[in-house]
Amino acid sequence: MKHKIKIAANSSEIQCLYSQNWEYFDYGNCKRHLQILFPYKPEMRDNEKYPLILFIPGSAWHKQEMYNDIPQYALLARRGFVVAAMEYRESDIAVFPAQIEDVYNALNFIPGIADNFHIDISKIFLMGNSSGGHIAMMSVLFNAHGLCNALPKIAGVICESGSTDLLICAKEELPPWMKIRPSAVLLGVDKIEGHEELAEKASCSMYISENIELPPILLMHSEFDPIVSVANSRILYEKLVASHHNVVYYELTENDAHGGATYYDDSILDIVQEFCKKCVSH
């Protein structure tokens, strides 16, 4: 049976293109890459620019799976963001704070390809989930204290299910197949016990005070997250508020998601989009 169908063309609708495996740094023993998704319209002008989200994936600080979430990142790109998903050195080959150096190197690489992907380098956001949220937050905190190479201006930070307090993480029950805590591997030790001072120096709360300048921060966490306790975000939020920083916290009540599709629901993406819009409208 033959059918005819007419589809109305919409040249203003944002689509998404994907460019894979851009090497942003060669450390000699390993090369690190970006997966880049960017908005595309058939009638796109050369001078059309979009904000950048440098996305730092969660992986318990171990080697990241860089391709599974490409369809999720595309949802952000179709909302008008260039998304550069960043591969960072896993804790098995480089202990903390090497991952903050990776953030610096990735951001230092971006201006050289900005025109390729219509990136507005004046509008850069750091976004991460789980261990990626930890790295995003620690990057802006280290930057605020002058403890790393100076980052470009960061318009905002989105931290989802962030493992931002290693001492809290150390109290969580390990799955039976895991012999060493990921946070211990991150610090280059075999256990957190006896190394509490080292864990504290790799946790966010220690660096938060009134006399530092931080970009606006968006925190999100599921109430019953089984992997990273919601206490991480609750305590971080309270500390940021007490120190008079610009922070918004959304707790997903009666929810046990740790990242995944829940955090790409339209309601969550609406919050992220509105947060970013407010950050660059001042």
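Trainee: What volume does the second largest pocket have?
Mentor: This is a predicted model. The volume here is a computed value for the second largest pocket. That pocket has about 340 Å³.

Trainee: Which element gives the largest share of the lining of the second largest pocket?
Mentor: The lining has 15 residues, with Lys153, Ile154, Glu213, Leu214 and Pro215 nearest the centre. Two elements, α3 and α8, each give two or more residues. The largest share is three residues, and they come from α3.

Trainee: Which residues lie nearest the centre of the largest pocket?
Mentor: The largest pocket holds about 690 Å³ of space. Its lining divides into 16 nonpolar, 11 polar and six charged residues. Of the 33 lining residues, those nearest the centre are Ala60, Ser130, Ile227, Val228 and His258.

Trainee: Is Thr253 buried or exposed?
Mentor: Thr253 sits in the loop between β8 and α8. Exposed means over 50% relative accessible area. Thr253 has 58%, so Thr253 is exposed.

Trainee: What distance separates the C-alpha atoms of Thr253 and Ser222?
Mentor: Thr253 and Ser222 are 31 residues apart along the chain. Their C-alpha atoms are separated by 6.4 Å.

Terms used
Residues numbered from 1 in each chain as written. Predicted model: local features only at pLDDT ≥ 70, side-chain atom pairs only at ≥ 80, totals over all residues. Heavy atoms only, no water. Helix = DSSP H or I, 4+ residues; strand = E, 2+ residues; numbered from the N terminus. Buried < 20%, exposed > 50% of the residue type's maximum accessible area, 1.4 Å probe, protein only. 1 Å grid on protein atoms, 1.4 Å probe; cavity = no way out; pocket = protein on both sides within 12 Å on 5 of 7 lines; lining within 4 Å. Points joined across faces, edges and corners; volume = space filled by probe spheres on them. Nonpolar A, V, L, I, M, F, W, Y, C, P; charged D, E, K, R; others polar.
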